[in-house]
Amino acid sequence: MRKLQKSTRESIFTYAIVIVAFLATQGLMLSGNISSALTGQLVPICAYVVMAVSLNLTVGVLGELSLGHASFMSVGAFSGVTACISLANVIPSDPIRLVVGMVIGAICAGAAGFLIGIPVLRLNGDYLAIVTLAFGEIIKNLITCLSVGVDSRGLHFSFLTSSSMLNLEEGGTVIINGPMGIAGIPKLSTFTAGFILVVVTLFIVMNLVKSRAGRAIMALRDNRIAAESVGIPVTKYKLMAFVTSAALAGAAGALYAMNFSTIVATKFNFSTSILILVYVVLGGLGNIWGTVIAATVLTILPEMLRGFNDYRMLLYAIVLIIVMLATNNSRLKLIPAWLKKTLGSKTGKESISNE
Amino acid sequence: MNNPREETKYVPQPATNLIPERELGKQLILEAHNLGIDFGGLTAVEGFDLSVSPTEIIGLIGPNGAGKTTVFNLLSKVYQPTRGTILMNGRDTMGMSTAQMNRAGVARTFQNIRLFNNLTVEDNIKLGLHNHIKYGMLSGILRLPNYWKQEKEAKERVTELLSIFSMTHMAPFRAGALPYGAQRRLEIIRALATGPKVLLLDEPAAGMNPSETSELMENIVKVRDTFQIAVVLIEHDMNLVMGICEGICVLNFGKIIAKGTPSEIQNNPVVIEAYLGRQKEDGQNAES
Amino acid sequence: MSFLSHLISGISLGSIYAIIALGYTMVYGIAKMLNFAHGDVIMVGAYACFFMVSRYEIPAVVGVLSAVVICTLLGIIIERLAYKPLRSATSLAVLITAIGISYFLQNAAQLLWTSNPKVFNSLMGDGSVKLFDGRLSISVTAIVTIVVCVIIMLALTWFTGRTKMGKAMRACSEDKGAAQLMGINVNFTISMTFAIGSALAAIAGVLLCSAYPILTPTTGSMPGIKAFTAAVFGGIGSIPGALLGGVLLGIIEIFGKAYISTQLSDAIVFVVLIVVLLVKPTGLLGKQVQEKV
């Protein structure tokens, strides 16, 4: 009998992977055995892990395909950086400012998720997916048209006009400059901050899944009508999953943005959303540690393939296709049963006679 | 399959509230008046009336396509009725969703079993208990003391409920991996976990062999007696319906064609013609 | 007059979207998958035609025909290699594979033809028809695009309604199991659907690059997404829906650019899509399917 809380073992395993990976990387960095290209990737890896884990909450746990996850990252990035720049004088401590930035990013992205979620979650299946794609494009478009500046009187916003229309006082600074995005971002993000965000995200997502609310969310995925018949309010739990997912993506966005000196809205486009979805699907729907590994490996992979120069993205595509074929083809029994089960295959009809 | 010996085992309790001549002045738990629904101009159910008193077992029978499951879908608000009213405990349920209807006290099972297949048996039942487990999202994430206390209580309740159908050993397994009969029983337990006042069972004996069916009959009566709830069931197995139902309602083409006690229904010529077939002269039980 | 002129360019752009949307809608109808590589097949078609006509100076008609042949073959090969093994897999797995194919085509194109934009000379020349004393000028390209779109629609309606193959396609999209029991070769039918969709993509690629003459390896992706939106807009799985969705989308986009804001035109298109889906959750001409309980 596979007793003792399989889920508890899984979460211990997940935390262990992350902590070991963090310590190993720190060790390598101290001994100087890590390439500078890879060092530059550390914060983005953390951000993508958080993105993937949070998207898994929507796609794997709630069971709704979202094609616009990058837009929440974008909202988080722009609001978080705006907060960090405008609070530069109020909060001198860098780490605290980073935390405040991430929290504000999470709140803004969560609010965006709430506003989008109300109409979106009324739809089902592929229609829901296309609407999330549409919202992703709309948010990208809106941020491209937005200018924000700050001066002693506070924040100034303008839409569809150039940043010169902000009416800033003498000494005020333009933060978001329309299509040019944000330039001169303070580099507040560190690998340690990224690691902490990953652990916090894992804590939130894994504990949520194993609580009353998480069960209700999974019930909606497995059988919506049955879930309603036992008195579970559909909209409430769909929104809860969607907003939590968006908020975590927002925090990841703030972390990601503060690793670079400039960001533009077009960075967080449909391709980025798809990229994160790929991590989730390859890691396994609903499988958190699988997602963590997939996001890490696939972020490093293009770097590793750098030796192949021009061919690296082509190889990436081929690897992706082959992995999908190998893990999903019923004729090629290449993979152990557990992987198949985590990928949500319907063939997991093992009998219970082994009790 | 006919098994007349089984019938004698289940002496139905005195029919306290026969349809339609029920005792006046007694509180009804669920009432449907003139219920009807159209699907794109096609009337699926029309003029459906039903009164259920608190501890009654009622059978809903009729040929395939008569609209029995549609009636269940209306009573549980999976479909909103086009016409008519449903009163729960004397209160109008207009505009209520399926989830609200459940909280008002209507729980159901489905003809094609609807379990949460990727979750364990235990989690399936905990989902039934969802509205009785009281802690918020934050307590769940931060694992506050309330979480541990409530989850522990829920777990005890799950074991208790599983023991009704002697399924306690199945708690850690994936619901989708259970054998068919166990899935049907699990669905009933999940519905019971919601603490209903009325339990709607859609073909609970479908696909069961005679011995499983007779066990199920025993269990339905046991559930009614333990939980003091009303049961409405759709069933094709006449042995079961005639054996445990105190009142029977016969549907054909979306309309009620007869109501009464099992013996009345068995002797009703309209019912015999529509549903049971013309085999009365053989002196056989109508079901054969 | 500017209103009329915008309307015509809207319809013309919409016709291209409609032809692309047909590929999405037919494949979705039959294989229930979102073929995200479709936009890149358009790009391949456009490159094929570009090299035939501009480099090797083959007559335009032959160039278009060979682009059609190349894309058809490409569509069949993709289907055989990547999608057919996943017939029984989850739709998400197929979606990711399609994304993999899309990456593959884009990067292969970049290696073969570099990312330098190619200037595609319109096959229809740059003439225009002048009306109302020259106040309204309609380019020949726009006219040809609209005419081609109408011809394709009529042909497809005839094909799916009247021919044996077309009926087989409709049967498969309704119920594959039942179709198989009726002796229809489901795998062959699905391959044929991909072939037709890809052939249409080649035509769309040529038309697209005739109207917007810059050709790069990512030319197909944005029109692909928009055409997909158009297919959903009109009701995915429905052929008249694809036409209606495509044309409406084109008109909204051009009007949005002309009267509201160039920067916001994409956002406007998507806002309209969302509003339509909220009012009619399965698109304008989509069938409302209620889940059986």
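Which domains is chain B divided into? Domain 1 (1–105 + 197–288) and domain 2 (114–194), with bounds from an automatic or database domain assignment. This is a predicted model, where local features need pLDDT of at least 70, side-chain atom pairs count only at pLDDT 80 or more, and totals for chains, interfaces and linings use all residues. Residues are numbered from 1 along each chain as its sequence is written, while chains are lettered from A and ligands numbered from 1 in the order in which they are written.

- Domain 1 of chain B puts 11 residues into the contact and domain 2 puts in 10; contact means C-beta atoms, placed from the backbone, within 7 Å.
- On the domain 1 side, H8(B) gives the largest share, 4 residues.
- That side of domain 1 of chain B splits into 6 nonpolar, 3 polar and 2 charged residues (nonpolar is Ala, Val, Leu, Ile, Met, Phe, Trp, Tyr, Cys and Pro; charged is Asp, Glu, Lys and Arg; the others, Gly among them, are polar).

**Chain C against chain A**
- Here 36 residues of chain C meet 35 residues of chain A.
- H4(C) supplies the largest share of the chain C side, 12 residues.
- The chain C side has 26 nonpolar residues, 9 polar and 1 charged.

**Chain A itself**
- Chain A has 13 helices and 3 strands, counted as DSSP runs numbered from the N terminus (helices H or I, at least four residues; strands E, at least two).
- Its C-alpha trace spans about 80 × 55 × 35 Å along the principal axes of chain A.
- Buried residues make up 52% of the 355 in chain A, buried meaning 20 or more other C-beta atoms, placed from the backbone, within 10 Å of a residue's own.

How values were computed: Two residues are in contact if their C-beta atoms, placed from the backbone, lie within 7 Å. A residue is buried if 20 or more other C-beta atoms lie within 10 Å of its own, exposed if 12 or fewer, and partly exposed in between; C-beta atoms are placed from the backbone.
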